[in-house]
Amino acid sequence: MATQAHPGSSIVVDSYGQVFFVDTGQGIWQLNPQGRLTLIHTLAYHWMALDEKGYFAQSSALGEFDRGSFARITPVAFIPTLIISSDYPIVVGEDSGLYYVPYNRSGARELVRRTPDGQRSVFATLPSSVNDKPMQWVNGIAIGPDGSLYTTENDAIVKIDRSGIVSTFRGAIQVSDCSDPVFDTPKLPYLRGLAVAHDGTIYAAANGCRTVIAVPANGPAKAIRKTERPWSPTGVAVHGKDVYVLEYVHMPGDNRKEWIPRVCKIGPDGKMTILATVQRRNN
């Protein structure tokens with residue numbers, strides 16, 4: 001199966017400063033600029049995409065396909081539009097396409113583009129592995145300011161430019177302080193959610209090492225946030241000069257109610273603020 005027993009990893013921020021994030025144990029939350037937290041949907045999927053321009057706002061082409069489930073959770077014609085995915089990281093490109101990489105047990109992986117009218121095409125083919133171990137899916141996907149797409153492997157970031165050319169943006173990434181890795185983690189640092197700033201810097205959740213890293217176009221990756229047990233980041237978003245981080249309590253097993261999410265913000269000066277923590281009724 002493509003879905004592993006791990007918390008969701010999607011957080012997005014719209015142009016109004018509203019934060020939306022997935023809670024694998026409860027649904028989709030909205031955090032408004034005043035700090036009010038509201039559960040807006042109860043489909044508890046792993047991934048989500050922000051369709052800022054509303055390409056899919058009136059589309060009826062989402063549903064069950066490529067062994068995954070995709071759904072628009074905002075009302076028809078509502079912009080910005082939110083799309084969630086059960087099994088694969090997703091992103092909506094500037095060309096109106098919904099991009100994702102379906103699970104593949106072996107061999108090369110297809111980066112699929114699906115349009116609002118339901119047309120499906122293969123935009124690019126990703127290698128089965130950037131480093132030494134074959135990957136069956138990608139851990140995260142994001143779009144850059146120039147329209148290029150980026151995906152995360154366990155320890156690498158792959159770039160797919162607007163013409164579909166695939167290259168390794170950064171390989172064999174290491175996190176200097178990984179002394180307390182998350183249990184039952186694939187190859188460290190286990191990069192998951194990512195986001196790309198206007199200057200081309202990539203921010204990624206090094207989930208296995210409980211760290212958020214910044215990877216500039218040139219120069220080494222550096223840690224900008226380190227959490228402590230039981231928390232670890234799973235997703236990141238960029239809004240202006242701020243980085244928003246989705247963090248989860250990581251617990252053994254598959255009791256998703258125990259996976260408690262919270263949202264943090266890292267300012268341009270490096271100051272970290274916890275904006276909201278989800279409260280379970282039984283906690």
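Ala 172 counts as partly exposed, at 48% relative accessibility; buried means under 20% relative accessible area, exposed over 50%, and partly exposed in between, with a 1.4 Å probe and protein chains only. This is a predicted model, where local features need pLDDT of at least 70, side-chain atom pairs count only at pLDDT 80 or more, and totals for chains, interfaces and linings use all residues. Residues are numbered from 1 along each chain as its sequence is written, and side-chain values use heavy atoms, leaving out hydrogens and water.

Back to Ala 172: it sits in the loop between strand 16 and strand 17, strands being DSSP runs (E, at least two residues) numbered from the N terminus. Its phi is positive, about 50°, although it isn't a glycine. Ser 96 also isn't a glycine, and has a positive phi of about 80°. Ser 96 is buried, with a relative accessible area of 16%, in the loop between strand 9 and strand 10 (98–100). Most residues other than glycine have a negative phi, and most peptide bonds are trans.

| Cis bond | Omega | Loop holding the proline |
|---|---|---|
| Leu 188 to Pro 189 | near 10° | between strand 16 (166–170) and strand 17 |
| Arg 229 to Pro 230 | about 10° | between strand 20 (222–226) and strand 21 |

What order do the strands take in the open sheet of four? The order is 5-8-7-6, with antiparallel pairing; two strands pair if DSSP finds at least two bridges between them. Strand 5 and strand 6 (64–65) stand at the edges with a single partner strand each, so one side of each has no neighbour in the sheet. Five bridges join strand 5 to strand 8 (residues 81–85), and Trp 47 has Ser 85 in strand 8 as its bridge partner.
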